[in-house]
Structures are given as structure tokens and as C-alpha cells.
Amino acid sequence: MVGIAIAVILLAFLIFPVLKVIYVAFQDPDTGALTLVNFSDFFSASLFRESFYNSFYVASVSVVLATLFAVPLAYFTTRFNFSGSVLIQTLGIVPLIMPPFVGAVAMKLLFGTNGSVNLLLDEWFGINIPFMEGLNGVILVQSIHYFPFILINLSAALNNIDRAMEESAQNLGSRGMRLFRRIVFPLAMPGYLAGAALVFIKVFDDLGTPLLLDVNKMLAPQAYLRISSIGISDPMGYVISVILIAFSLFALWTSMLAMRGKDYSTLQKGGGGLAKRDLRPWEKVGCYAVVIFILLLVLSPHLGLLLLSFGTIWSYSVLPDAYTLAHYTQMLASSSQFITNTLLYAGLAALFDVVIGTAIAYIVWRTGLPGRKWLDYMATGALAVPGVVIGIGYLRTFNDVNLPFVDGPVASWWFVIVIALAIRRLPYALRACVAAIQQVSVMLEEAAENLGATTQRTVWRITVPLMTGGILAGFITSFATASVELSATIMLVARESDAPLAFGIYEFMQSASGRGAGAALGVIAVVIVTLATYFSHRIIERGKQRQAPGNVVREEA
Amino acid sequence: MIGHLKNVLGATLVSAAAVLLATPAIAADGKLIVVTSYPPDTTTAFKAAFEKKYPGVKVEMLKKKTSAGIKYLQETSGNNTSDMFWASAPDAFEVLKGDDLLVKYKVKVTGIPEKVGSFPINDPEGYYKGFAASGYGIMWNTRYLKAKKLPVPKEWADLKKPVYFGHVGMSAPSRSGTTHLTVETVLQGEGWAKGWAEWKAIAGNFKTVTERSFGVPDGVNSGQFGIGVVIDFFGLSSKASGFPVDFVYPTVTTLVPANIAIVKNAPNQHNAEAFIEFLLSKEGQELLLNPKIRRLPVNPATYAKAPSDFPNPFKDSSIGSRVKFNLKLSKNRYNVVNSLFDVMITYRIDELRAATKAIQEAEAAMAGKSNAAAAKLIADARAAVNATPITEAEAGEEGYNKIFKKRRKKASVKVTGRQAEVEGKWDDMVKANYARAKELAEKAKSML
């Protein structure tokens, strides 16, 4: 029943609107007849082949770089007594909140050919490193931007591993890298793969970053440029969308294949085993050095953003000329409704996402419903649908629908923005929920049912509580990314009073005098989402303490 | 099936909305919804002034970039909620007019001439009105030029010089309607072959082709590149905001009118009419002189109030009058020109840059020497870069243009070739030419 309801929602708000748009890909541009000729045009054009190669290259290298950022942060904070773990975990998520436009502007000011770093390098050593030139820039920004997907999912997985496994390995003499490589990492594999697959697909499909860096020889920008240019609505943009969707599903399928036949669930849940280990002093110094270096690097866009929001003029210089609060007063005078709208939209969207995500995860992994995997594929397919396609699809589908209590057509109702955000961010929450359920041993649920609990009660009292960490991780990712999304929203905003924050930043960034104010609004976005993330972490931590071994023993005694 | 789906959908929405309060309905009268591509500096000033004059009317400025605005109006036309479309590029209005999404309106204000420079101010058929004009020019970052010891460019031809290699930025005509007009103006002024050669010589010096037209002033302001080809208000408002930049009109500049139109089935038609009248009135036109808005009014009388260095296209004949702009020609080959620019420049900028660099180096080595064989090779290399896949006649031919038309043709109209197929062929030719040019220039250099 729930499965059918979800399928209907996905069909109505994802498949149907998208089909309405991508149908064009299969139409002969001259006659309108069904054809595959557009696909043969795609593969015979060297521009598209190069774009495909570039997208693939950028996505692969970004996954590698993102892994290098994420693994040390996740491992150190979950396995050792490391002061500031919660702070590090929180800061590690901040890069996900890269407000549109201003993030790229800040990165260019810091790392561009004439950015702060290169101006200093040039002054000191007479060299210039092309961090931001062409594909390099896309890789750098994307891996910084999306590595939290790996961090969040890997951390959740590491917290869920039965530490008795590690304890046994340690008793048998394994430690250091060997322990990590042979025991910990393989056990955390579902989380890592969930994160890595997301990074790959997201980078492969992402449009905003390459466009802002003026890199257009990649697939998603090619699709976007073709779809959105005035006068060009030839099928090629839609062909590329179809190829993006197909390739994303293929990547997902591959990651599932890697997991097949392996059981990663453990009976005892996090906190049940060994306490966190202590580091020797010199190890501690090394770890802190690594952590601080990574944090500095991944937070550099936000440092740049902060400087931009307080700086007066920042042009061809290492730092801004002077500092001021004027941008904040300019921004606050006109933008308070953007902030409340964003909290409302992103919060609702993330809530829908975890509810639907948990339901899909449960249906896929715990029931024998026919076609259940398709729910997963359908929802994940949303990842690959460019925001403009969703936006246009919604306008096309819902503009003629009128509801009695809505002023005007449904397509111009603010709630449609919430739905668009929820659909676009569902894959993030879904991957987190799936990883969480994979780590819950079905035996725990069977035990509950043997003791007479109904299925509903088991789900509610056993499965969902055990998945809490993953569900919260999903909520955070959905919320954080929804709060700065622009591509679908920009098509759907019908009233200025309904506009979210990202739209406000977009507005500011259209004029020279708005750069500082846009950055200030970006800083506000980052602060809001960071606070939300921090409090969610506190909730997770408190939940864990409640399950900690000491308490259990006391209760039993 | 679809009907059923809609019912289900409606039910879902109703139940969702029962939980969440819907936004309170706003009274339909006394509103004006304007879809616009203009920055807040412009929209807030006009909104405030208009609301002051008509206290009962609440103006909503709905910012969308021009192409998104067009899509939005097209997709929502069945159940339209917008009153006006307010943007620069006349081509955007042509698209909407072609889709029958605008209504005619006869302006009551008097004293506005037919043309600014050689450009007609209003749509001859009366669907959209020009309210201001803007000129194209060159902006540069003073710190950047000083640090790199570059001279200040004054003319378009300066931008071709090897000294500016890798320092220039511009937007693509397919991304920005105003850039399209500039490209088209040069093509009409210089002729097809020479015009494209001119653009490629400038583009060979590009650091980047930006995705948005605002990306150009943004890049110059932050010093990512030193020099940008921009519309005047971008350069002048950047300067007014305190950035170390400056702007100049080259002796031959092009004028771009900025327009406004009433959307068909506008819910607040009378307010929309009032807004047009206000925009063209004395007070409305004077608002344009504000340094953060900075557009050239279409009412010649307004210039009396302008500061002394303010350019006046009605007096100064160098602004926008040299080229007799042929709007029909431009409209006919609109998509072909966009597509050609993207294929030859935007998407092959790396290859074009490499070829340009090789030619510039060969020419530098050639300076002061005489070597007929090398000179021939350099000339051949230039010719290979300059070659265009199609002739002007082909670009203007109706049948050829049909391939690039945005709407699918009826089955009865026979068109041979698909856009992607044609572009693929162009691309193969352009890529091969640039590679050959590079090879020839390198060979010439090795001979010197």
C-alpha cells in the first residue's frame, strides 16, 4: 500500500513531468515521428564525445580527491578520543552548502590565475599554479563541494560497525593502517560506496559549477546550454539528459553490484563494543595537522565568502582593501523573507525526503514486493535530471491545474517549489537510508517479531530507531543542499515574496554593487545550515550516549 | 489515465495542504507583476517611484534571466499570471511576439523619436516599446593593466593585438541577447567574412567566454581577466560601486535598445499600461540617469538634465549610427549566427587560442625580416583560422535557417538536415582548420 503511494508520488512528480520533457529526445526534429536518429547525431559529434570524456574524467578524479578529504576526517573522529569531533564533523559538512555564484566567485578570488594564492606564489617564487584553469577548477571545486557525501555516509557507517570486530583484530595483533584497510574500511563499505556513488553521479550531472567556471565542454552544461538558449530547442539537450540519466543509473547499478552477495549487517550496534581509542601524543599531533590542513582547504570557499561579505573592494589583490558592515545592512534591509522561505521549503523538503527514503529503503530491503527495486531506481534517477528539466516539466504539467484554495495555477504555488526540492534531493536521503538499513541485522527485527510484535510495531520500535543515524544524515544532506539549490527554483518562482535564499543571491549577483550583499546572504545561508547540522549531531551524540555500554549495564543491574 | 493521475495528484496536494497552511490569497486588483532581467538597482528604483505615484498598486518584480523569462512566459501562457516583460534584447521580444504572447499597445506619451542612432526604438508592429538604449564598449581593470604593464585599449581593433593575449573576456551571443547584437552589428558593418575574421582575431586573445553576460564585468571587477567587452551600464555601474575599473566607448559603437511589453491576457492590463506610460514619462526617463542604473534615455529632452560627460546618441553621431542595422537580416539568421559563434569560438576556444598563439609568435619572429615562404605560410594559417563553414548567402537562406528554428516544423515542410548533424560537420571542419593553422604557423616560425 505504502509502496503504491510512493510509486504514485514518484510517477506524478518525477517520471511524468520528466517524460513530458525528454520525449523530445526521441522525436525526429522534422517530422515529429519517433526515432533514434538524435542519438546517432550525439555519438557522431566529436564535441559531444569530448564532453562525455571530460565529464567522466572530472567525476572520477573528483571521487578520488573527495575520498582523500573524507576518509581521515571520518576515521579520526569516529575511532579515537579526539577533542572537537563534533565540531570537525559539523565543519566537514559545511562545504556542501556552497551558495550559488558567490561560492565560485570566492574560489576564483582565492585560487584563480590572479587570485590570492597565485598572487602570493608569484611574488615569492615567480610561479603560477593553474588550480582553477579549465577542468582542474571543476575538479577542485566539485571535490571540495561534494566530499561531505562520503564523510557523512562513511561516518554513519563507521559508527554502526560492531566494534567487537575491531577488538578481535586488535587482539590478534592488527593495528594502524592494516587494521583500517583489512577490517574497518571493508565493514564500512556500504556507507563509503553510498557516498562515493553520490559524489560520482552528482559531479557527473552537475551543471552549476562548470557553468560558473565557464567550462562548457562537459555533458551537463552542453545539455543546459542547448535547452535554455533562446531559439534553440533542438532535441540534443534532451538527448544529453537521457544519457545523463542512463549513465547515473548505470553507476548506481555498478555500486550495487559491488555490494552483491555481501552481508554488512552487524548484530551489535554502535557503542555496544569497544570504547574510542587513545592516540599517542605524536600521533595526535600528526592527526591534528592532517585534519586542520583538510579543513582549511575544504573551508576555503567559505573563508573567501566571509572576506567577500565584509570586504569593501576586492580586486586583483591578496585581501580586500578594507572591511565594512555595509553589505550586511544592505542585505538585511531586503532579504528577511528569503531566509524564512528557505527554512520552510528546505525543512519541509528534507522531511518528505527522509519519510519517503526510509519507506523505500524498507520496501526494497525488507519486503518481497515485485518491482521494488524500481522504486529505488526511479527515485535515484532524479539525481540525473537537470533542474531546468524538472522546472520546465512542472510548468508544463501543473500550469493548467487549478486548486480551489490556491491563488492562481498550481505551478505558481510556492508548495510546488517544495515538491521540486524534495524530488531533487530525495536521492541523497534515500542513499543514506539504504546504507543505514543495510547495516541493521534483520535478525533483530525477527527477534522482535518472534516476541510477538506486529510488523508495524517492529518497524516503529526497532528498525527506524536503529536507522536514526542514517536518517538524520539523510535529513541533513537534503536540507543543506535544498537550501542553496537554484536551477529548478529559478524556473518555478512566480512571486518575489515566495522566493528562497538562492534566488536572492542570484538577484544580488546580477549587479556590481550586489556582490558583497550576495556574499553576506550566502554567509547567512551557511550559518543557518551549519547550526541546524550542529544540533542534529548533538542529537545523534546524545542518542548514542543513551545506548552506551555503561548505561545498559546499569539498567540491567 | 492522465485525468486519473491528476485526480490522485490533486488529492495528494489537498491533503498536504490541509497540514500546511496555504499562503493567504492576495487581492487581485492593485497588483502588477513584471517579469524582468534587470538588476535590483534598476528594478527597486522604478518600483519605488511607480508605487509612490500610484499608491494603490503593489509592484512585484520577478527576476529571471532573459532566456528563462521567455521559457517561463511560454510555459505559463495557458494560465498566465504575469503582466509585463521587461528586458533588453529586442530578439527576446521577437520570440514572444512570434509565439503570440504579447499584446499591442499605443503609447500616449509624445516626444519620442523613431530611431536612436540607426536602430529603430519601437517594434514597428507596436508589440513592444523601447524605453532606453545602451552602448557597447570596453571595460578594464586598472590594477590588472598596471601590474601586467598593459596599455589601455581604446578601439575594437586594439583587442586583436598580441599584447592582450589571454587577457580579454566576453559573453557568447547565444547566452546574452545584447552580446548577440554586438556580434551581429560587426558582421553587418564589416561584412560576413571580414566580420567573422575580426571576431576570431579578438577571440584568439580571450581568456574565457563567460556563460552569463554579467560574468564579464564580474571577471574584470575581481581581476580574473583584465579587459572585457561589455554593455556600458555594466562598466559604469561597476566603477560607481568603487571597483578599480574604467570604461570607454570605442569610436564605433553599437546601440542596444532596452524594451518593455505587455503580456497577452495580463491580469492587470491597466496597471501595465500605466507602467509603460510612467517609464516613458519625464520622471521615468530621468530615473535612467542615476549612476547605478545608467542607461541612455530615448527621450532626447531628458539629456538636458544629464551630467556633462553623459553620451547623447541623438547629438553624437559616432554612437551607434555608422552601421545601418538591418533588423530583418539579423532576425532571419539569428540562430545560425549564435550557433556559428559557439561552434567556432565558444566550444573550440582552446584550439583557437593555440592557433592564435602560434600565428602571433610567427608574426613576431617575422618582424623586420623578409621571407616570402614564411609569409605565405602565415597568410595560409590566418586563412585557415578565418574560414567559415558557411557563406553569408547560405546563412541567410530560409531553408537553411529552418534547420535551426526552435519549433518543430509541420510534417508537410520538408527540411533536410538536423541542427546537431550540421553543427557536427562544422565542428569537424573548424577543428581541423585550427589544427592546420597552428601547424602552418609553427612551420613558418621554424623557418625564421
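Modeller: Welcome! Let's start with a term: a helix here is a DSSP run of type H or I with at least four residues, and helices are numbered from the N terminus. In this predicted model, Gly469(A) sits in one such run, helix H21 of chain A, which covers residues 455-482.

Biologist: Is Gly469(A) buried or exposed, and how do you know that?

Modeller: We count neighbours. Gly469(A) has 23 C-beta neighbours inside 10 Å. The cut-off for a buried residue is 20 or more, so with 23 Gly469(A) counts as buried. Its C-alpha atom is 9.5 Å from that of Ile539(A), a residue 70 places away along the chain.

Biologist: What makes Leu403(A) partly exposed?

Modeller: Here the count is 18 other C-beta atoms within 10 Å. Buried needs 20 or more and exposed needs 12 or fewer, so Leu403(A), at 18, is partly exposed. You will find Leu403(A) in the loop between helix H18 (387-398) and helix H19 (414-438) of chain A. Its C-alpha atom and that of Trp413(A), 10 residues apart along the chain, are separated by 9.8 Å.

Biologist: Why is chain A called as compact as a globular protein of its length?

Modeller: Chain A has 25 helices and zero strands. Its radius of gyration is 24 Å, and the globule rule gives 24 Å for 557 residues, so chain A is as compact as a globular protein of that length. Along the principal axes, its C-alpha trace spans about 75 × 65 × 50 Å. Buried residues account for 56% of the 557. Among contacts between residues at least 6 apart in sequence, 78% join residues at least 24 apart.

Biologist: Over in chain B, what makes helix H6 mostly covered?

Modeller: In H6(B), 11 of the 14 residues are buried; among them are Gly177(B), His180(B), Glu184(B) and Leu187(B).

Biologist: How do you know what span to expect of H6(B)?

Modeller: The expected span is 1.5 Å times one less than the number of residues. For the 14 residues of H6(B), that is 20 Å, and the helix reaches 20 Å from its first C-alpha to its last, close to expectation. After H6(B) comes Gly191(B), whose phi is positive, near 90 degrees.

Biologist: What makes the largest nonpolar core a core, and how many residues has it?

Modeller: Its members are buried residues of kinds such as Ala, Leu, Met and Cys, joined through C-beta atoms within 7 Å. The largest such core has 304 residues, and those with the most contacts inside it are Cys433(A) and Met84(B). H19(A) gives the most to this core, with 19 residues. The core also draws at least three residues from each of domain 1 (23-133 + 255-305) and domain 2 (333-448) of chain B. The C-alpha centres of those two domains lie 39 Å apart.

Biologist: Which residues does Cys433(A) touch?

Modeller: Leaving out residues up to four places away in sequence, its partners include Val354(A), Gly357(A), Met467(A) and Gly474(A).

Biologist: How do you know which element of chain B has the lowest confidence?

Modeller: Compare the mean pLDDT of its elements: helix H1(B), residues 2-19, is lowest at 44, while strand S8(B), residues 168-171, is highest at 95. Residues 1-28 of chain B stay under 50, and pLDDT is below 50 over residues 408-413 too. Across chain B the average is 84, with 90% of residues scoring at least 70. The model as a whole scores ipTM 0.78 and pTM 0.81.

Definitions and conventions:
Residues numbered from 1 in each chain as written. Chains lettered and ligands numbered in written order. Predicted model: local features only at pLDDT ≥ 70, side-chain atom pairs only at ≥ 80, totals over all residues. Helix = DSSP H or I, 4+ residues; strand = E, 2+ residues; numbered from the N terminus. Rg over C-alpha atoms; globule rule 2.2 N^0.38 Å. Contact = placed C-beta atoms within 7 Å. Domains from an automatic or database assignment. pLDDT = per-residue confidence, 0-100.
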